[in-house]
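Biologist: I would like to learn how to read the overall build of a structure, and then how its chains meet. Could you take me through it step by step?

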Amino acid sequence: METSTVEPREHYLNVNYGVRSWLLTKDHKRIALLYLASLTFFFFLGGLFAVLIRLELMTPAGDLMQAETYNKMFTMHGVIMIFFFLIPSIPAVLGNFLVPIMIGARDMAFPRLNLLSWYIYIVGGTLTMIAVVAGGVDTGWTFYTPYSSTYANSNVVLAGLGIFVTGFSSILTGLNILVTVHTMRAPGMTWSRLPLFIWSHYATSIMMILGTPVVAITIVLVAVERFFRIGIFDPNLGGDPVLFQHLFWFYSHPAVYIMILPAMGVISELIACFSRKAIFGYHFVAFSSIAIAVLGFFVWGHHMFVSSQSVYASLVFSILSFLVAIPSAIKVFNWLSTLYKGSISYATPMIYAMGFIGLFTIGGLTGLFLATLAIDVHVHDTYFVVAHFHYIMVGGAIMGYLGGIHFWWPKITGRLYPEFWGRLSAMIIFIGFNLTFYPQFLLGYMGMPRRYHVYPDEWQVLNVMSTAGASVLGIGYLIPMIYLIWSMRYGKPAGSNHWGAKGLEWETTSPPPTDNFAVTPVVTEEAYAYAPQEAHIG
Amino acid sequence: MAQHIVTPKTYLQVFAALMVLTATTVGVAFIDWGALNTVIALVIAVTKAILVVLIFMHVRYSSQLTRIVIGGGVCWLLLLIALTLSDYLTRGWQAVMGW
Amino acid sequence: MPTRHRRLTLAEHSATAHQFDDMAQQYEAGQLGMWVFLMTEIMFFGGMIIAYIVYRGAYPQSFAAGSHHLDLTLGTINTVVLIGSSLTMAMAVYAAQMGQRRTLVMYLLVTLGLGLIFLSIKAVEYASKFESQLVPGPRFHFEGDHGEHAELFFSLYFVMTGMHALHMVIGMGLMIVFAWQAWRGRFSATSNAPIEFMGLYWHFVDIVWIFLFPLLYLLGRH
């Protein structure tokens, strides 16, 4: 057999073979890989729509496609990236894989529900793809009424159904994580010893559970309105289209925190490991996750400042939006304090983590611009908003996702990826990302509206820069696809703790056995208990 | 699993109370007390719900965690209602002159 | 180990699932899971409730007029029937806790029967609305004063009671499965958590109706 001493004989990947053993698995680790495969597919599909958008925007005229087609491009890009990639990404892949192991459990609380949630996700994704093939949707991912409920001629109900179904996948994942963390922690694993990855996933689960049902019923109402013309969002019949926006954003704002909070959990793990130090202010970071989850539900009206929402309500939402920035800032300061006098090394995951901190900070600060009523009135629906959320979602969430994938890749596969290519693609991604989206801040501030396929000539230079950046970014994403798959077969065997990190997942083999541990661990030390001499303290 | 076992007698008592409350809410609906009608109807509905939750659903004998979960869900519903209404109820307010 | 698909034995049903350390942990997880799920249901119905609140506040007279067209007698009977089914469901849980197999099955079937009565009465109400042209859509036609926005009232009526009825149907489907399993002896005094969790779900469905009834049927009665 293999000559290395480190790969275990039997582990969760080779314990049985065959399609049925994967499609009917109850092992949270295999389910995580099922998600990884399908999410990767949707990521590149969403990316394809982004390519088409950026191609059109290379020239000021609408010469690549008609306006209606362009509307479908940005709608499908948004729908696929948000609902079928970003929201599930870290929780369904890294969360599913790591939550039970990090707390010392054999599996999630409800393994069959876990598998069901993947199947639900596939059904929802299939329905949405049918909507794409049948001609797409052109309402924007936000499905604003009365266009979506009354006037749109595209496949609103079909796409809405796909999202509705996938919402249940989200709810089940959140439910599973929440119950697992509450009831299945190993002896000695108190709340204060939990990795911050767990705290952030716990907080994310709260949001998934309390928010997703509201968007579900909202989609149902839009569908009912389309079929029966009931008037619930139609002004002609006494309805209020803004009510849709309230219901939609009640979920969709927490949804953006669902997308970023797990990435923040990843970053905490990476910063601690690659500084060889416990995260500074552990309790502050843990509670800030909960604070983000709670406060995130109070701010949705900041998406509606110019929608005829009452200015008094807007005032309240604006102030609350400033408040919700505080816990995020607390995290950033604590990560920086962790780095200070730490023993820092620059493996691929750390490059992603560093990139995250800078890009998330920019994204977050520009969020404060948008929370300011007087500024938002001018930049709402411009590329300033587009740049803001891409800094958070791509510069933040996706870099967190990739950093986590690389960090735990040795654990998940038992193999090492090639470090040179890892670092190279991280840098390419960082450069490509900034080239793509920084110009968009400038464009937006100068007034270029979003969701338009034409623009005045004087903005072409910045748009071309952005498209060039997107090409670089695309290459940056393709390279890991290649070497990660390559490493599954040809990578060096990893050993149980390649990074020398703290955490229960590093105390079992790589890959882990099906039941995660040979013996249920007993936890006796605090989280991130790196030896003092490992860091340069004093 | 050891859980407190509620007796059929208690269940029947709660059922009787729920019937009385149902009769009351229907009866009150026929009397015109203006805005108070809605308040009374909601108070009765909440009382019925509390009885079902505490006794039929055994929450009276459940853990603190269960109560926090229920409290959280109810609060979140109230949050959705309150903040959405903060828009609708203040749309008609006049701007303060001179600002 | 090859996957085999066959009916689980009684012993396997009441054994602790392999991810749990013991029955107590399994029960705790199941109970927390069901309550968390019920909270998602609160938010799901919550979306409809805020829509109701907004439009009732905007069109009080239309809503009162619309409510007057609902059959209060049938609505009240349904309320009594559903609360009664909650009683019989609670009795079923008690029978399970006492290890009384036949009584458990009997109460589950009675609960099922009461649920069927509820749905039948609802069907009668829906049919009558259809005949009176009060179903929202192209055929909608409201007779009477203050009916400018009555269609909105009936939209909410159908969506809310329809969603509630859907939840009842799902619950009743599960109840059939559990009644059959109970008959086959799956549950005992020491292993009956699914019955209890089924009860939680059913009581929740009852609570939703406890709120829907006054909100929809008791406006404009004076």
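Biologist: Of the 538 residues of chain A, what percentage count as buried?

Modeller: Please keep in mind that this is a predicted model. Burial is judged by counting neighbours, and a residue counts as buried if 20 or more other C-beta atoms lie within 10 Å of its own; in chain A, 58% of the 538 residues pass that test.

Biologist: Which radius of gyration does chain A have, and why does it agree with a compact globule?

Modeller: A compact globule with 538 residues would have a radius of gyration near 24 Å, and chain A has 23 Å, so the two agree. The C-alpha atoms of chain A fill a box of roughly 70 × 50 × 45 Å along the principal axes, and the chain contains 16 helices and 0 strands. Among its contacts between residues at least 6 apart in sequence, 86% join residues at least 24 apart.

Biologist: How should I read an interface, and how many residues of chain C are in contact with chain A?

Modeller: The size of an interface is often given as the accessible area lost when the parts come together. Here we count residues instead: 27 residues of chain C are in contact with 36 residues of chain A. On the chain C side, α2 (23–58) and α6 (150–183) each give two or more residues, and α2(C) gives the most, with 16 residues. By class, this side has 14 nonpolar, 11 polar and 2 charged residues.

Biologist: And how many residues of chain B are in contact with chain A?

Modeller: For chain B, 11 residues are in contact with 13 residues of chain A, and that side of chain B divides into 6 nonpolar, 3 polar and 2 charged residues.

Key. Residues are numbered from 1 along each chain as its sequence is written. Chains are lettered from A and ligands numbered from 1 in the order in which they are written. This is a predicted model: local features need pLDDT of at least 70, side-chain atom pairs count only at pLDDT 80 or more; totals for chains, interfaces and linings use all residues. Two residues are in contact if their C-beta atoms, placed from the backbone, lie within 7 Å. Ala, Val, Leu, Ile, Met, Phe, Trp, Tyr, Cys and Pro count as nonpolar, Asp, Glu, Lys and Arg as charged, and the others, Gly among them, as polar. Helices (H or I, at least four residues) and strands (E, at least two) are DSSP runs, numbered from the N terminus. The radius of gyration is taken over C-alpha atoms; the globule rule is 2.2 Å times the number of residues to the power 0.38. A residue is buried if 20 or more other C-beta atoms lie within 10 Å of its own, exposed if 12 or fewer, and partly exposed in between; C-beta atoms are placed from the backbone.
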